[in-house]
Amino acid sequence: MRMVDLINKKKRGEALTAAEIDYIVQGYTKGEIPDYQMSAFLMAVYFKGMNKEETASLTLSMVNSGEYVDLSMIEGIKVDKHSSGGVGDKISLVIVPLCACAGIPVAKMSGRGLGHTGGTIDKLESIEGFRTELTKEEFINNVNKYKMAIVGQSPNLTPADKKIYALRDVTGTVDSIPLIASSIMSKKIASGCDCIVLDVKVGSGAFMKSVDEAVILARTMVEIGKSLGRKTVAVVTDMSQPLGHEVGNANEVKEAIDILKGCGAEDETAVALIIASHMAVLGGAFSDYESAYAQMCKLIESGDAVKKLKELISIQGGNPEVVDNPNLLPQAKRHIEVKASTEGYINSINAEDIGVSAMLLGAGRKTKNDSIDFAAGITMVKKVGDWVDKGDTLCILHTNMPDCNNAEELSKNAFVIKGTKPEPVKYVHCIID
């Protein structure tokens, strides 16, 4: 095979075989195919797309470029969950203890935050002593004994995806459905789970800005999962405003505790219950969604779910007392109230701008090597549909930085206030199974 022939083949819109795709992926990962040829190929895919078989082959080839996590020693059906990223998204902190409480083994591998999107691992590390690096034996034993474990992703998973994504980022080929779908699914497949529930975000704080785009991506990923032998469900959820009331690492841990205690934000609670219920059905604990949902609600009402979170923190070395006393979590020294300059209804909140503001306050990273301040973040006092008078507090910035004028201005401008009340926000747009 010659790379130039495969570039031309895709440029003409022809389908590539599994062997041809594997030649490209493995050759590029090993350094045998140069950046300029891979860039040309990615641009050809961007314009000509890939069919279902090609996208599945691309996913599998990226899986085979590195380590595959063998979870066969874990008893039962292993269910994983993935979010396409957003602002204030602490769903994993809720669904892991919730599903484990229902007897569903959750072997979760999560990432760190970058840019305006937060990472589950950073949030957990805001808890004093919490270990996000476990040995393979510890990881498997925890899931078998307690039905749950959350660790950082192995650096040896899907090296092809890491290398290809870095090239996509600088060649204008990030927003390609086949490339996005295969990137996400390759990591989930390589993580060794049996079933996957995908939380596909849509709106100003998500990569997909329109519901139509999000649905196409969700369907593509569900098809990949099924073609590779994984039961897969996608839930398309709203990210037109930050999820819940808290943005930032320690802030979001506190809110996750509130949700599991039954006093959390309505939107975040609704999304968490829906995702956990689908995980419970895929995991075989329930035969139908309605029964699963009813049981998930009971686990929160009884207090069992929040006890399970306490157990998760304890078995991974963290201080479980933060569940009863969230003030033990890192606290910022400065708290700045952002005020409304006019009266009216909150018509929209630009979630990405809130996420960037939190990053500027120290809660996130501009580059992957940046350090973060676990105490930094934003409390969303007002949400879409709320009425505000002039001078009312829209949000509160939490930071240890001496200068946060840029964050203050950006967060204030994220709120659009008008005289008419907007339509209620739809928390879940559709479910694809």
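This is a predicted model: local features need pLDDT of at least 70, side-chain atom pairs count only at pLDDT 80 or more; totals for chains, interfaces and linings use all residues.
1. Let's start with a strand pairing: S1 and strand S4 (residues 195-202) run parallel and are joined by five bridges.

2. Which strands form it, and in what order? Four of them make an open sheet, running S1-S4-S5-S13, with mixed pairing. Strand S1 (79-83) and strand S13 (428-432) are at the edges; each has a single partner strand, so one side of each has no neighbour in the sheet. On average, neighbouring strands here are turned by 15° against each other, ignoring direction.

3. On to the aromatics. Searching the whole structure turns up three aromatic pairs. One of them is Tyr289 with Tyr293: the ring centres are 5.9 Å apart and the planes sit at 40°, so this pair counts as tilted. Both tyrosines belong to helix H13 (residues 289-301), four residues apart, which is about one turn of the helix.

4. Another pair is Tyr345 with Trp387. Here the ring centres are 5.1 Å apart and the planes stand at 75°, so the pair is edge-to-face. This one links distant parts of the chain: Tyr345 is in strand S8 (residues 344-349) and Trp387 in strand S10 (residues 387-388), 42 residues apart. Tyr345 is partly exposed with a relative accessible area of 23%, and Trp387 is partly exposed as well, with 38%.

5. While you have the rings on screen, have a look at Tyr28. What sits over the ring of Tyr28? The charged end of Lys163 does, 4.6 Å from the ring centre.

6. Finally, the overall picture. The protein chain has 16 helices and 13 strands. How does its radius of gyration fit its length? A compact globule of 433 residues would be near 22 Å, and the chain has 22 Å, so the two agree. Along the principal axes, the C-alpha trace spans about 65 × 50 × 40 Å. Of the 433 residues, 56% count as buried. As for contacts with a separation of 6 or more, 78% come from residues 24 or more positions apart.

Key
Residues are numbered from 1 along each chain as its sequence is written. Side-chain values use heavy atoms; hydrogens and water are left out. Rings of Phe, Tyr and Trp (its six-membered ring) pair if their centres lie within 6.5 Å; planes under 30 degrees apart count as stacked, over 60 as edge-to-face and the rest as tilted. Helices (H or I, at least four residues) and strands (E, at least two) are DSSP runs, numbered from the N terminus. Buried means under 20% relative accessible area, exposed over 50%, partly exposed in between (1.4 Å probe, protein chains only). A charge sits over a ring if NZ of Lys or CZ of Arg is within 6 Å of the ring centre and within 35 degrees of the ring normal. Two strands pair if DSSP finds at least two bridges between them. Axes are lines fitted to C-alpha atoms, for helices over the stretch in contact, and angles run from 0 to 180 degrees between N-to-C directions. The radius of gyration is taken over C-alpha atoms; the globule rule is 2.2 Å times the number of residues to the power 0.38. Contact means heavy atoms within 4.5 Å.
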